[in-house]
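Dear colleague,

Please find below the structure that I promised to hand over. A short account of the findings follows it.

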Amino acid sequence: MSHDNDFKRDLAEIAAHKLREGRITKRGFLQAMAALGVIPMAGLGGRAMAAPSELVIVNWGGTAADVIKEVLGDTYKEATGIDVVIDGSGPSAGRIRAMVESGAVVWDVCDSGPGSAIILGEAGVTEPMNYDIIDRTKMMEGTDWEYGAGNYVYSYVLAYNPKLSEGGVPTSWADVFDTKNFPGMRTFRKAVRGMLECATMAQGVPLAEVYDVLSTEDGIDAAIEQFRKIRENVIVWGSGSESQNLFLQEEVVMGNIWSTRAHLLKDEMDEGTFAVSFDGGVMSPGTWVVPKGNPAGAEEAMKFIAFAQDPALQVKWFELIGSAPINPAAAPLVPESMSRWNPTSPENVATQILYNDEWYAANQIAAEEKYVNALIN
Amino acid sequence: MSAPEARTTPFRIAMSTGGWLVAAFLALPILVVIPVSLTDTSYIGLPKESLSLQHYEAYFTSARWLGGTLGSILVGLAVAFFATVLGTAFSIGVWFLGGRAATIARWVLIVPILVPPVVQSLGFYRFWVQLGLIDTWTGVILAHTLLALPYVSISVFAALANLDPKLPQAARSLGASIWRTVWEVVVPAARPGMITGAVFAFIVSFDEIVGVLFITVRRVETLPKLIWEGIQDNIDPTIAAVATILVVISLIVAVISGLRRS
Amino acid sequence: MTSDKARYWLLALPALAVMAIFYIWPLVNIWAISVTEPVPGFGNYVQGAESQAVTTSFVITFRVAALTTVFCVILGYICAYAIANTIRRAKPLLIALVLLPFWVSVLIRSFSWIVLLGRSGIVNDALRDVGVIERPLRLMHNEFGVVLAMVHVMLPFAVLPLLANMRGISPAYTDAARGLGASELTAFRLVYLPQTLPGIGSAALLVFVLSLGFYITPALLGGGRVLMVSEYITYQIQEFLNWGLGSALSVALLVATALVLVIAGRFLNLKNALLERS
């Protein structure tokens, strides 16, 4: 609930976009994986056992099902002989719960988020993660939840178009909320997730105190007030591609968007018309969850999750669609030229905060209502 | 009314001009998809350097688009069949019955026109979950049949308005059974309404999106669902190509139906 | 004779039964959900009534629906008048143009408007090319864009009842008024216009009721800042899995729609306006 369904859908869609552009080819990808040692490495475990014939991985991307299949699925098939079926229908917490409760579970591993993972775990409809199979050291600290294992990271970042920005280049969130000195339209998300943090930082609150400040009624109201003040200059984005289109079509000068979309925009926009700042970004991890009674069995699901922890695979994944490696060992493997755009490079991690799911669980609904009201009223 | 003077009064000229402007407002925006579909760019816009059919190629080589199109057509045909059968029987029944109860029954049947799409879709979703109809073609056909029934019953009833009630009475008094009377006297009179109703039912189903968004997940994909996802997630000119194809077909159908009428 | 009656009911029954079981019952269920989830009682309604965002959303919904209705009735009136009274030879063409949108799905039409109204859309580009504007105008992601596109969708629904109404008006009265020396405008205002009031009423009712529950166009062109109730409901359900509040809002929207119909029923013959239209 507090996690981000939309982002997941977006990610898969980015992959589809890449496939259309021809940047991902199945053979090329498999070869790359084999060369990196990913395939044989994970290969041995699966085959020895009486393996299930298939594993259903559920993600968010209608059109992206093919791509996901190639990137994770075919590699895994190569490694284990197990067919990976990608279901792009969106494993929202509600759907997972409905499926488990109905008794007809057809999903094995779902791309979810920490908030959903916690809620689903408490509701008793997902399997606990088996950290004997999944390696805790291969994930960012604090992303090894009982009912969900971190799978990648994306950030909410300050993106801007230096060419259109008449008041000079915005260097902080304070500039983004200053329409007098930095005129032009900006874009924020339709929902509060990842948004109140930047409005709080804009008031000069240091990184470490953002969620403390937001934990008071006044803190939330102050953040909301920031949006109310500039709402005439706001266009909201609902889906990631919308945020991307807003920049591409020069509808906005600046805004708070997903790093994955920035990853695409850096290539799509002309030189000098797009930049991002990770200063004051909010890092948000995704998680794998496993529905209770999944057809292939919990253990097989865990093996797949462990497979996806490989740093080389995660780097490739980042290069292809921009979702950052959650395995700290992966950062050095990211090519030099891309490192600047990597939300989990050590330099960028230092200037960001981690998305706080507990805060969202406690405050989101109330904040959401105020936020919507500030923007539409 | 036929005085030549009348035609040229400022009032009439203003009304005529206004009428044409309104018609242009209705028709022209729809046609904008045609040039966009021929663009040589990978984003939405008018053609830059040359016309290109690449976006049509994208449609005709995409299993997903074609699958969705076929799915929509088949669902539409099934809906047209079921809605026409149910709706025609209903209208004939209430036409014979007349009176207050029949009028109430007719009101019941047009409720789906008046209920907000999102509200009825929530209803479908919850009930379809219980019935195990989520993400099934049966579920979509059933939902669409319900949404199409009002149109069939209205148009069949309108056609029956032209039928003289004495005619079936005469048939009965000559000894024809009630079913034979219905089949040989009433149904032929209802036929124009049935055809209109079937066409409406098909279109209602073919265009329906909100219900499909709620009651399908992945296995079932209709054309509107793919277009919706395209607009929401990744606007690209393939949608314009699809739109153009649909608009052109609509134009052809509209012209044919217009010719038949005149 | 009674057995005949039973047989007629037998014909009508299947459709009625299907409608009752698969349509009416699920709607009743929505009402039930609104007073049972997450806890029994009227908490969802209280929450909705106290929420400023919900109130604002209802205000936006009624405002957009009202604006759409006003524009549709005015434009639809002119168009229907032209078809019924002033255009002769090209009448079939005019009718075809008016009916054309009916054949094209709302989704496609919304897409067309997105293509037209975007900041670098066709309208802005054209205006910039001819030098009328320097900076692109904001034509969508706001109420203007939503109302414009909704008028486009609803206009045929206004033209048809008006046309049906005007077709039944004999020119004799207006001619008589003219013969008695009334100016054309006076004759129209005093004689013709009053006779078209039922048509105006049906057109307005139909457009208003359909606009209240409209989802597709506002969702695609509103950019999130024109949050109508239908979109807010899906938002509650999809983002928050908040079925309780979502259902309560649905019931509220349904009741609002029913109220509009009941109020309209005092002034209009609803049977003619809804049941008999074809």
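**Findings in the predicted model**

The end C-alpha atoms of residues 241–268 of chain C lie 40 Å apart, and this span is 89% helix and 0% strand. Please keep in mind that the model is predicted. In residues 199–221 of chain C, the corresponding end-to-end separation of C-alpha atoms is 30 Å, with 87% helix and 0% strand.

For chain B, UniProt (unreviewed entry) lists "transmembrane region" at residues 20–38, 73–97, 104–128, 140–163, 198–217 and 237–259. Residues 237–259 of chain B are 100% helix and 0% strand, with end C-alpha atoms 33 Å apart. Residues 198–217 of chain B are 80% helix and 0% strand, and their end C-alpha atoms are 27 Å apart.

Chains B and C also touch one another: 71 residues of chain B and 76 residues of chain C take part in the contact. On the chain C side, helix α1 (residues 2–36) gives the largest share, 20 residues. By residue type, that side of chain C comprises 56 nonpolar, 13 polar and seven charged residues.

Chain A contains 17 helices and 10 strands. Of its 377 residues, 59% count as buried. Among the contacts in chain A with a separation of 6 or more, 77% join residues 24 or more positions apart.

With kind regards

Methods
Residues are numbered from 1 along each chain as its sequence is written. Chains are lettered from A and ligands numbered from 1 in the order in which they are written. This is a predicted model: local features need pLDDT of at least 70, side-chain atom pairs count only at pLDDT 80 or more; totals for chains, interfaces and linings use all residues. Two residues are in contact if their C-beta atoms, placed from the backbone, lie within 7 Å. Helices (H or I, at least four residues) and strands (E, at least two) are DSSP runs, numbered from the N terminus. Ala, Val, Leu, Ile, Met, Phe, Trp, Tyr, Cys and Pro count as nonpolar, Asp, Glu, Lys and Arg as charged, and the others, Gly among them, as polar. A residue is buried if 20 or more other C-beta atoms lie within 10 Å of its own, exposed if 12 or fewer, and partly exposed in between; C-beta atoms are placed from the backbone. UniProt positions are given in the numbering used here, feature names are shortened, and annotations may be inferred rather than shown by experiment.
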